[in-house]
Amino acid sequence: MYLQIVDQVKQRVASGDWAPGQEIPSIRGLAADLKVSVITVKRAYAELEQAGIIVTNQGKGSCIADSVPDLGSRMQEEELYRHLRAAAELALALGWSARDIAEALRNVQQQAKQEK
């Protein structure tokens, strides 16, 4: 669940929905809204802090960091990696070799280029 919170905050920041410096829901408030434990939200906020996406000031709450890393590109790369992993797992289940997978990827990439 904490990863879902992390992803949702990242998406809001990447889309510009939450701007740098903007306050975000308190840990207790978000936990109550989502009906999850405070520990779950704390874990998500700790990960977001470590990634430099939010800043927490004792007694003042948390806000979006003034200088947020480029989440759009990073999120796209993470999504691409998830899709590639799923495709690789399916290909392995079908008995494809690494060469088969690479060739299929090249073919799909060429098709995508031609369609643009």
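L80, L84 and L105 together form a nonpolar surface patch with about 270 Å² of accessible area. The model is predicted, and local features need pLDDT of at least 70, side-chain atom pairs count only at pLDDT 80 or more, while totals for chains, interfaces and linings use all residues. Residues are numbered from 1 along each chain as its sequence is written, and side-chain values use heavy atoms, with hydrogens and water left out.

**The surface patch**
- Patches consist of residues with over 30% relative accessible area and no salt bridge; like charges are joined within 9 Å, and nonpolar side chains (Val, Leu, Ile, Met, Phe, Trp, Tyr) within 5 Å.
- A salt bridge is a side-chain nitrogen of Lys or Arg within 4 Å of a carboxyl oxygen of Asp or Glu.
- L84 belongs to helix α4 (residues 71–93); helices are DSSP runs (H or I, at least four residues), numbered from the N terminus.
- With a relative accessible area of 37%, L84 is partly exposed (buried is under 20%, exposed over 50%, partly exposed in between, with a 1.4 Å probe and protein chains only).

**Helix packing**
- The axes of helix α1 (residues 2–14) and helix α3 (residues 38–50) come within 8 Å and cross at roughly 45°.

**Loop residues**
- K35 is placed in the loop between α2 (27–34) and α3, and is exposed at 74% relative accessibility.
- The phi of K35 is near 55°, a positive value in a residue other than glycine.
- L94 lies in the loop between α4 and α5 (98–115), and is exposed with a relative accessible area of 57%.
- From C-alpha to C-alpha, L94 and V68 are 41 Å apart in space, and they are 26 residues apart in sequence.

Definitions and conventions:
Accessible areas come from the Shrake-Rupley method with a 1.4 Å probe; for residues, only the protein chains shown count as cover. Helices (H or I, at least four residues) and strands (E, at least two) are DSSP runs, numbered from the N terminus. Axes are lines fitted to C-alpha atoms, for helices over the stretch in contact, and angles run from 0 to 180 degrees between N-to-C directions.
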